[in-house]
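Please read the values alongside the sequence and structure shown here.

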Amino acid sequence: MGLLEGKKALVFGVANDHSIAWGIAKALHEEGATVGFSSMEFLLDKRVRPLAESIGSDFVEPCDVQSDEEIKRVMQAWQARHGTLDILVHAVAFANRADLEGQFVNTSRDGFQLAIDISAYSLVALAREARPLMTNGGSILTLTYYGAEKVVANYNVMGVAKATLEACVRYLAVDLGPEGIRVNAISAGPIRTLAASGVSGFKTLHRKFQEITPTRRPVTIEDCGNAARYLCSDLSAGVTGEVIYVDGGYNIIGVPNAEALGG
Ligand code: 1JT
């Protein structure tokens, strides 16, 4: 019997089969959860619907997370179909490509607001609308990255957005905790997703990561899915407001050994 038998999960942010959100959705399904999907409209027919169907799901709704109305509409559609919600996965982020290279000091006001609105505020808005459906408590899970806490070259405004997101996780955990709703984040090592592809410096970062991280292998979307089995089930009933690293131990390293540095 799965850890999530009878649970209902809604996953925001699948783009394709390389998405961390897809790794998480697969794992939740394997544990017995019913899984629905919401992503940007242009991704749905070609990418998301076939993936959803492969795990027996026909709840696939478009959502622009910058719109409160669209978020409300998706939650209403979920309520009409499933009544209640147990698990909310937020795997959504965006920044202008131009803001993910060069100096952070050059980030425009618009670029800054855009990154924070889509990557951090959207968690608050989704949590607020999901809350009334989580009548039996629940688990809210988001995705972050090490660039939130230490400076990672080129991550720039996304680092600030992820720092904001991690603080939102803590404040939401306090607001929703009394209702049995837990809120946590997975801080994943670099994974070659659609979001990461083409970002300047990502390829090098991905290669260097494997040489330095204690496990000496890349982090996979299945690794993230496995952490999600724990964070979305009662196994983690005593855990909320946390950032859980799925990074092969990268974050514990102060100075890597000479071998890892390449000489
Ligand atoms: C976004 C993008 C959020 C890439 C992201 C992300 N979170 C992690 N990555 C991968 C990454 C990107 C850079 C990096 C290290 C990891 C792109 C679209 C917007 C949202 O720095 C070298 C830039």
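Around the ligand are 15 residues, of which A95, A153, Y155, A195 and V199 come nearest; a residue counts here if one of its heavy atoms lies within 4 Å of the molecule. The model is predicted: local features need pLDDT of at least 70, side-chain atom pairs count only at pLDDT 80 or more, and totals for chains, interfaces and linings use all residues. Residues are numbered from 1 along each chain as its sequence is written, and side-chain values use heavy atoms, without hydrogens and water.

**Ligand contacts**
- A polar side-chain atom of Y155 is placed 2.7 Å from a nitrogen atom of the ligand, and a polar backbone atom of A153 is 3.4 Å from a ligand oxygen.
- The ligand alone exposes 500 Å², and the protein buries 90% of that area (Shrake-Rupley method, 1.4 Å probe).

**Shell composition**
- The shell around the ligand comprises 14 nonpolar residues, 1 polar residue and no charged residues.
- In this classification Ala, Val, Leu, Ile, Met, Phe, Trp, Tyr, Cys and Pro are nonpolar, Asp, Glu, Lys and Arg are charged, and the others, Gly among them, are polar.

**Cysteines**
- The structure holds 0 disulfides (pairs of cysteine sulfur atoms within 2.5 Å).
- The sulfur of C168 is too far for a bond, because the closest cysteine sulfur, in C63, is 17 Å away.
- C63 counts as buried at 6% relative accessibility (buried means under 20% relative accessible area, 1.4 Å probe, protein chains only).
- C168 is also buried, with a relative accessible area of 17%.

Methods: A polar contact is a pair of N or O atoms within 3.5 Å; within protein, one must be able to donate a hydrogen and the other to accept it, and residues adjacent in sequence count only if both atoms are side-chain atoms. Buried means under 20% relative accessible area, exposed over 50%, partly exposed in between (1.4 Å probe, protein chains only).
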